[in-house]
Every structure is written in C-alpha cells, then in structure tokens.
Amino acid sequence: MSRLPPGRGERIDRERPVAFSFDGKRVAAFEGDTIGSALHASGRRVLSRSFKYHRPRGLLCCAGQCPNCLVEVDGWPGVRACTEPVREGMRVAHMNASPSLRFDLMRGTDLFGSRLTPPGFYYKTLIRPRRLWPLYEKILRHAAGLGRLPRRQAEREWRTEYRRRHADVLVLGGGVAGMAAALRAAELGADVVLVDDGPELGGDLLAGEGAESARELAARVRAAGVEVLAPAAALGFFDGIVAVWCQSTLHQIRAGHHVAATGSIEQPLMFEGNDLPGVMLCSGAQRLASLYGVRPGKAALVATVADRGLEAALALHEAGVEVVGIADTRSSGADEELSARIAQERIPLLRGSAVVRAFGRRQVKGAVVAELDEAGRPIADSERGINCDLVAVSGGTVPATSLLLQAGAKARWNEAGGAYLPEGVPPGVHAAGAVAGHESRDRAEISGAAAGAEAALELELGDERDRARLQLERESLSPESEPATQLVPAAAGSANGRHEKCFACLCEDVTTDDISFSIDEGFDSLELLKRYTTVTMGPCQGRMCQLPSIRQMAADTGAAVGEVGLTTARPPWSTVPMGALAGRPFEPAKRSAVHGRHQELGGNVLWAGDWRRPYDYGDPEGETMAVHEGAGLIDVSTLGKLIVRGPQAGAFLNHLYPNRFDNLKPGRIRYGVLGDDAGRITDDGTVCRLDEQSFYVTTTSSGADAVESWFAWWLAEWEMETHLTDVSQGLAAFNLAGPRSREILSALSDLDCSNDSFAYLDGKRAHVAGVPCLLLRIGFVGELGYELHCPGALAEHLWDAILDAGEAHAIRPFGLEPQRVLRLQKLHILVGQDTDAESNPLEAAMPWIVKFDKDEDFIGRWALESVNERGPENKLVGFTISDGVVPTEGAAVVADGKPVGRVTSSRFSPRLKRTIGMAWVPAGLAEDGATITLADGGRRLGAEVQIAPFYDPDQERLRG
Amino acid sequence: MSFEFLAPDAAQPAAGEVPSLRSPIEWAHRRKGARLRERAGWRVVAGYGSTPKEVAACQASVAVADVSFLGKLELQGEPGVVSSIVAQLAGGAGLEPGRATFHDEVWWCPISADRALVLTPPELTRRLREELEAAAAGDSFASVHEVTTTFGSNAVVGPLARETFARATALDLRPDRFTEAAFAPVSVARTPGMLLREGGDRYLHLFGAGYAHYTWGVLIDAAEHLGGRAVGVEALSAARPGEVQADA
C-alpha cells in the first residue's frame, strides 16, 4: 500500500473501508476514494490499454480530463476510474486488452506493426476487394474501440430522463470563481444553478492549501439557495439551452445569464514515452496525494515550463514524496520565492532543462533529462538519466474555453501565455476566473463575484450599492495582468538509444510523427489534420491534445502557433452515454374510452395513426361475415369531430368543400371531400346538419388535427360569424352495422328506427341505453348501419349495452381489418391509402361531389375546373382477380412493360370469394371489364377492372 | 337542446339504472385496484389502498389524481361578448390573458380573447351550462359547448409537483413566473394541453381525453421516480381540506 499519513484536506474516510474487485481481484479502499486512487494505492499502475497500439496506460490527470483510466464498471464501459467513486462490491474490469491487461496480444501493433499502421492506413490498404470491407471493418472495430456494450437488452436498460430547468443565472464551473459568482448572484436574489464536473465544489483549491476555505465557500453557496449539480458535465450550448448530464438525468437548463468559470487545463509535455504509466500531470499527482492520501510515486521527477511545476514539487515534497529533481525549461524567470523554498528544501532544480524521454517497460523506471539550447532544443551531449517512478509534468495551462466558444466567443492566441484566450464574449455570457485570465485565487474570486453581480444586475436585481461594489471589483482586476511566462519546447526526443513514440493525442494514439506524416501527405490545415488523424476527436475532446498538436503542426510547417488556429468547438464537451441524450422515450398514443374493453375482448391492438386500435379480435374473417350476416360493432371514436356553428356556418362549409352544404336540411347527412388550393384530396368525412346554424362534421382519424387547423385557419382568414369546437376526443363513436342492427338499436332506444322514420343519411338525437347520442345512419362498411356518437364518459356503458342487446343477434365486435375489407367491397376510399398528394375528386371516381354551379367560390375550384376542362388523365377504379391471388398494395399497374398506375388497396373478400382491390389506372383503362396487368415483385397478375361497387351495387342492403 | 349528446349529465335511466359517468381511463384505474365512489353521477377514484400514504405523497412529495370528472364548458364569442358574460357570471371578474379567475368554486380560464374555458365541480356543471347558454342567447352571437369529456384532467399536487412536470415539459413553472392562478397552454410529454396553477404546489393539467392513458402513465412514472404516487380524491381532500374544488 502507498497511502500517505492522513492529511487535512483529504476526501477519504479512513474509518470506513470499502472493498471492490478489479479484474476479479479484491481491492481495498476507503469511502471517498475513486477507483483510480484505490487502484493506485494498491500498487496498480496500469489501468487500461490504449486505443490503437494497446500500450499500457495509467493515471495522468486524476480529474476526468484524459482518456488514460477508462474502465468498465459493473458492465458499463467507458467509466473514468480517476473520478468514479468506489462502492462496496462494485465490479471493475479493464477495457481494450486481451487476454489480460498485463499481457495483451494486440500490443503487437505497437511493437511490430506501427510502421504499417500510419494515419489513414485503412483508407489505403483495406479498400480491395470492396466486398470485404464489412469484414475489415469488423476486425478493425474489434481491435480498437473503447469498450464493449452489453449484448443483452436487460443489461443495457438504464432509466434516463430529461429535466427542464429554468434559471436566472447558470454558473459553469465550481471552482472559486464559479462559487463566488453563484454566491453573489444568489445573494442579489437570482435563481442560480451551479454546475461542476467534480464530485466536490472547490476545483483546484481542493488539492492545495485552500481546501478548507473552498469547502466553507461551498457551504455558503448551498446556504444561499444555489442549486448545485455535481458531479455534472456541461455538454454544450444549444441555442440558449445548456445541456448538463448529471448521473441518469440530462438537465436542459435555460438561463437568463451564463457565467463561464470553467477554469484552465494543465497540459502534458511532449517527449518520448510520455504516455508511460507513472507520467502524470503535476495537478494529478497533487490530487492523488492531497485528496486521497495516496503516494503518487516514491521518487518523483518534476518537468515543468512554468511556476506551477515548482509549486507542485513543493507540495509533493511536503506530502512525503521524494522529489529527485525539477527540470524547468526556463533558464530564468521563475518566481523567486518559490525558487528559494526549493533551494531550502534541497530539491535539485535543473534550469533550462527538459525531460526528453521516459523509460520503463510497463511503468516509469526513470527519465532522461537534457539541457535546452536557446531555441528550446535539447542539447544532445547534455543528457543524463535520473531514476524515478513518477514523472510529474506541467506543460502550462490553457483556459477551458470550449463552452465559451460554443456560446459565441472568439479565441485569440496569446503569445506570452502560450494559449488561446477568449474574447468577444456575447451578451448574457460572462467569463470569470482562470478562463478569463484570472489565475490566482484572489483574482479568481473577485472576478467570479463580479461576474455574478453583473449577471444579477442585468436581470434588474440589486441596487446602486451593488453597482458601486461591482465597479470597485472591476477596477481591482484591471489592468489585466499578463499570464506568467512559460517556455514550452517542441516535442523532444533523446538523441541516444532507440526512437520511442511521443504522443500528441492519448485518446487516439496519435504521435508527433503521425502529425508530421499527415502534413507531408498534404493535410496541412488543422481541420483536415483533425479529420485525417482523428486528433482531438477522442474522449478528452482536445483537452490534452489540441494545443500540443497545434504546436507540432506549427513546428512542422514553420507557421506561428497563432496562425494554425483552433478547431471548431462543438458539443459535447464531455463524454456522455447515448442513453442520457435519448432520455425517456415519449411516444404519445391516443386511446379510446373503451380501450380497456378492447383488451378484455382480446383485441389485437396496433398503431393506427396516433391511435392504438384493435385491428381485429382474433378472427377477422369471422368478424367480416358477422357484419354481413348479423351485426358487428366497431369503435370509431378515433374519427375527427367538429362542431361548426353560427349564422354563417353553412356558407363557411360551402367555401371549404367542393360540394354544397347550405341547402342540407337539418337532420340530414352529406358526404364531403376536403381539398387544398390545388384541388387535391386532403380528407373526407360526413357533415350532419343539426339545426339551422349548426353542423356536426366528421373527419378521418388521422386527419382530425389537420382538418381542425385547416378550418380554424380559414375561419380566421374569412372572419365569418362561425364558431368551431373540436370535440374529437370528447365523444366516443361506435358503428353498429349489419342486417340485425336495427333490431338491436330498437331494443335499446325509444327511437323509431324504421326505414321510413330513420332513413339512410338521416341524423337523429336520442337516448340509447340511457346515453345521449347523436345517431348517424351511414354505411361505410356497406351494410345497414348506425354511427352512435356519445360523451366519452358514457362510452363503456353504451358499448356494453349494445353488445349485451346484440348477443341474441350474434353480434361481434370487429376491428380495422374487417372494416377495410368491408369498405373495399363498396369501393369506399381511404384518404391517404387510396389517394395521394396528387389525387383530386374528379379522378378519384367522385366527379359528382364537385359542384361547379355553386354560387360561392370554394377552395381548389380553379384547379378542379382546369382538370375538368382537360379531362382526367388517371382514374381510381376497382379490380378483381379470380384466382385468389392478392397483390401487394403498392404493386404497379403496367402497360407495354411500363408502370402506368398502382394498386392502392387489395384484399381477399370472404363474402365474395375473390380478390378485390382498387388501383389508379390510365383513364383509357377505366372501363368495366377492361383487363389490366399488375407487376408485383417478380410476378405478373391479370386483373379485371370494375367501376361499380363489388358488393350491393344497388345499395339495397345499405338503404334497406 | 341540440347538443345534448355532448353532455354526460344528460344520461337518463335505462333498464332501471342511470348510466354512470366514467373517466376515460377508469379501466386502467380498476386494474390498479382503485376504489371507486359516486359523485354527481361520476365514478371517481376514491383511492388506491392506503389513504395515509396517499396523503403523505400530497404533502411530502408528489401525488397525481385523475380529476377528469371536473366539468368543462367552452364559451366563444366576440371578445367583448365573452368578457361581458364572464363578468356577469363570475362576480364582475374580467379575463386577463394568462390568468384564470376563481369565483364561487368555478375557474374561468382565458384561452384567447374570444374563447374561455370554464372549469366547474361536477355538481355545478349543468347549472352553469344553462346559465351560460342563457347569457349567450343575447343579441350578439356567442356559443357555449359542453366539453367535459373532451379534456382529461389530472391534479398534480405536492412539493415535487414542479419537478414532476420538469420531466415532461419545458414550461417555466418557477413560482415567480407561473404564479398562482396562472393558466397557459403547455406541451407535456409532446402532447398539447393546458396547465392551471390552482395554488401553492397544486396544478391542474388538462389534455385531450384520447391522451388520458398516455399522460397518466407519463406523470405517474415521473412522480413515482421522485417518490410520489397515484392518489384518489380522498387523499386530495384530506391533504388540504377545503382548498380544492376538485375534492368531494
């Protein structure tokens, strides 16, 4: 074990042991540990294997920034060990290594095959034969990749959901600047949400002497009513919404103002073997020691370009780690006080030096340090080896600007600071802390408070005193101090020994040689280089590799770093499971008021538009015959139902429909087809006149909402004295059909149901089984029938009563499938099935419905007149096939080998004992007895055209 | 009346019994073990088992109750006519966009300047409908329609009610933004509807009755995930006696 003595700021509770397993072996930990800290404490340095070369990788950042410690936890791949807290009994396993983490066969790609696998090798070598690409792809994906998703559905199920949160101020980053911003905004009365990706607020302060004050500040933030989401990853700005992933919830936060206090990211250094386990960022080594009491190494060599490394060396020394030396690239310019303390502690400080190689087989055993010349290049004969098991590196810091850039800010290269800094921050967005150039604790806190105040004041919170205070804070922050001087050398390699890989991108295993190679191939702009090498496209999203690859590109092309530019900042800024993005599936479904009855009756319930409806009750043929021979009952509550009411209601409908409604008598029904401006059929249904000023309009089930919108739009346009009320979902509707339906209805109502009193296309109001109903005598299914419309609250009662009363008449409930057969026998069209976006009533066998002699203009009149003048080109007709073959709906009608039409509906009719259907055919073929040829897949079928309905063409049963 | 077939309270005795009025998803409540009781002709869910647990949900987390039995009437007319009728029947109150008016156990909710939705306890629905029809029968054209069964309605109650809606809607329900008596169109779980904040942490969600089962499922799922549950009207009454017009 490599635990340090207890420290003040540590996060672990040494009184509470926790045990978990790693690759099947028990690992002891403490509550508060992360998987990474516990494994490191147990002596494990290799936690994963790299993406392409399968090189051993260990802890690097200890902050969830890099890809080095991805493991599988309880079957979930891609978990960062350095930030995932330990839980008792959790099963942790390595990823991307086989047969074991220690011995990985695919390491051969690194040892022997790397010359054969430069960037883009698969574009060049695996392109022939083309048909084998799926195999190549499978092999490549198997060899590389970042873990494996569970195969079984049960193991993949994970409840995730969206949460919408509105806030006055959203603060991104829970370091000192973010906390100060949140606190000030909340104190001024703002509703504030604070998001931080760490398990604990405090940021960098937690790993240093400021841990205690950070925790005090965090307590004040919570006490002020700030909603804290942590650990939570802000994924990106999406048009005013910031998506934040916290555990199983994706928060969609819409805030009035945003404060970006996203801090800075410590950068790695480029030298050979810079990916060996034991090479860690200084901040990572510090976190390990101070937060988890884990000795990051026994002997540490610190390599740095700025004072940050000196601070880290002192911190490690104080924590009990032997610091064997500090290689500082700067010959001068280091902080004098820090330098003095280092001298006092007798830590060797090698000025003007850099690490050029780390060596060791599975982990660092030592490093080679060389002096640098004036241009920052290693001097070959100055190299010396230093034994150590930890190389703590600090390549300076870069502001974490990605979210700011996504919000609309620009990036400007700062030569002195060696980083791209944000500028031109858009209105409503504020930057604070290190991301805005305020690195020190005091300045970060002041800048945070000022940003919080600015946000609150712009929301018209606070008063003049707050404005004055803000003014003082702003003045104390200016003039902007220049970032501390740092000297970052180009990628360095040892002049002695064999050439080792130097990684620019740890996620994708892209080396500095790969970048040079790609540039030589012509990919000499950063965006092209990114796409070719995939540098910055891995889990770190450029945190560790963007600047190193830019520097390498600048060195190779001779351009200045500032000229190379940045790649576009795109969401997601942090890795996120697809399940979190998907959220809970919402699949809105409408159900009728008697849906429960359909289920009890064994209904085969399927989607029908946005409704769940029974297609049948297990015996569609029997249900069809029941309607012909006795009675059937179908739930048609899905129909659209509109009440059109007012002094101009009849005129309004006259304008909408091609046929006439103002002359419809109260109590009578007329069929109507709706069309658009081009005369094309959009919907159909019936219109019943209730009284002089009131009409009851039904529409198709799937067209209900569109028709309601169509009516409302034209009503607003024409400003007619008419009211429209949509009662589609309030009224249930049942179609009682069949030769015995009259008897059943008579048994349930006092209504005179005789043909004389209640004729075809009559509409009446009556109580049926005590239920107030509107009864429409219509016949979509071709038999004597009544559509009963009643309040949904009484639907179950009415449904039950009809089935009870019909029992003696062999009534059966029937579903959509029998209904389709029945209506097809009558050549009743289904809009959307038998019509398409080009169909008009003149060609769809309904010329009689268009009343060109109406006084009023109506929608589509001009277009229909044009069609009428030129004559129909195609017609919708019926057809029969005698040998029982049922063509596929959509099959082509062909003539002379060319498609000239299509089958829209086809079924075998159990009543007629033959195949029937509808098809669009050229007008010349639309004659009774004409023969048409159907091309259905590979077969040709002969069919005979029929213009009149197949069943009851004289309507004797319907009207009887 | 011409539109009797819209009115559930127009049911008449047949074969010795008056048909009971049922929620559009009574079948789902029955399967969940709901205890039903009669109220103004409706079979309403009294509870699902433990009333104390349901009361606790109302007070400590979130409770969802099917209150589709609330009467709903739609008034349409010229803005001046609608305002005049509302003022006449709602004690002189006007209709303010985005805010409902509560008067004599009735909520008057503005949908637009020329359309209002009136929410009533089921006992008052018929009387109010008749009063509205009488008021609308003046010289200016106005119409009244019974839409009780057009909309399903759920009461969502409790300190986590807002969080429950946050799982399914983007409407800003912060107390200072969606104040008491606020009334707004809303999309919940991708279905259109309307939301009324009756008071405190008590919301009434109205939606197309066809979506009743879907909406119920979404809200119950979200509520249960937050520690809440489905409740009946007994728990609603017991949790805050006398406060809610939906309670018996």
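Predicted model: local features only at pLDDT ≥ 70, side-chain atom pairs only at ≥ 80, totals over all residues.
Local features were considered at pLDDT of at least 70 and side-chain atom pairs only at pLDDT 80 or more, whereas totals for chains, interfaces and linings use all residues. Residues are numbered from 1 along each chain as its sequence is written, and chains are lettered from A and ligands numbered from 1 in the order in which they are written.

Helices (H or I, at least four residues) and strands (E, at least two) are DSSP runs numbered from the N terminus, and two strands are taken to pair if DSSP finds at least two bridges between them. In chain A, 5 strands form an open sheet with parallel pairing, in the order β15-β22-β16-β17-β18. The edge strands are β15 (279–281) and β18 (349–351) of chain A, each of which pairs on one side only. From one strand to the next, the twist averages 20°; axes are lines fitted to C-alpha atoms, for helices over the stretch in contact, and angles run from 0 to 180 degrees between N-to-C directions. Strand β17 (residues 322–328) of chain A is joined to β18(A) by 3 bridges, and the two run parallel. Opposite I326(A) stands L349(A) in β18(A).

Another open sheet of chain A, with antiparallel pairing, consists of 5 strands in the order β33-β34-β35-β32-β36. On average, neighbouring strands are turned by 25° against each other, direction ignored. Between β32 (residues 640–645) and β35 (residues 694–699) of chain A, which run antiparallel, there are 6 bridges, and K641(A) stands opposite T698(A) in β35(A). Two helices accompany this sheet. Helix α21 (residues 649–656) of chain A lies across β32, β33, β34 (681–691) and β35, running at about 130° to β32(A). Helix α22 (residues 704–718) of chain A packs on the sheet and touches β32, β33, β34, β35 and β36, its direction making about 20° with that of β32(A). Contact between two residues requires that their C-beta atoms, placed from the backbone, lie within 7 Å.

Strand β43 (residues 892–895) of chain A runs antiparallel to β44 (residues 898–909) of chain A, to which 4 bridges join it. V893(A) has G901(A) as its bridge partner in β44(A). The hairpin of these strands has 2 residues between them, and D896(A) takes a positive phi near 55° there. A further 3 bridges join β43(A) to the antiparallel strand β46 (residues 931–936) of chain A, where A935(A) is the bridge partner of A892(A).

In chain B, the 12 residues of helix α4 (residues 125–136) should span 16 Å at 1.5 Å a residue, and the end C-alpha atoms are 16 Å apart, which agrees; the expected span is 1.5 Å times one less than the number of residues. A residue is buried if 20 or more other C-beta atoms, placed from the backbone, lie within 10 Å of its own, exposed if 12 or fewer, and partly exposed in between. The buried residues of α4(B) are T125(B), L128(B), R129(B) and L132(B). Seen down the axis, they fall within an arc of 105° and so line one face of the helix, the arc being that of the directions from the helix axis to the C-beta atoms. They pack against β5 (71–77), α3 (79–89), β7 (106–112), β8 (115–120) and β9 (142–146) of chain B. The face turned away from the buried side carries the exposed residues R127(B) and E130(B).

Between the chains, 44 residues of chain A are in contact with 43 residues of chain B. Strand β8 (residues 161–172) of chain A gives the most to the side of chain A that touches chain B, with 6 residues. R174(B), in the loop between α5 (161–166) and β11 (183–188) of chain B, is in contact with H166(A) and D191(A), leaving aside its neighbours within four places in sequence. R174(B) counts as partly exposed because it has 13 C-beta neighbours inside 10 Å.

Two cis peptide bonds were also identified in chain A. One runs from S98(A) to P99(A), with omega near 5°, and the other joins A230(A) and P231(A), with omega about -5°.
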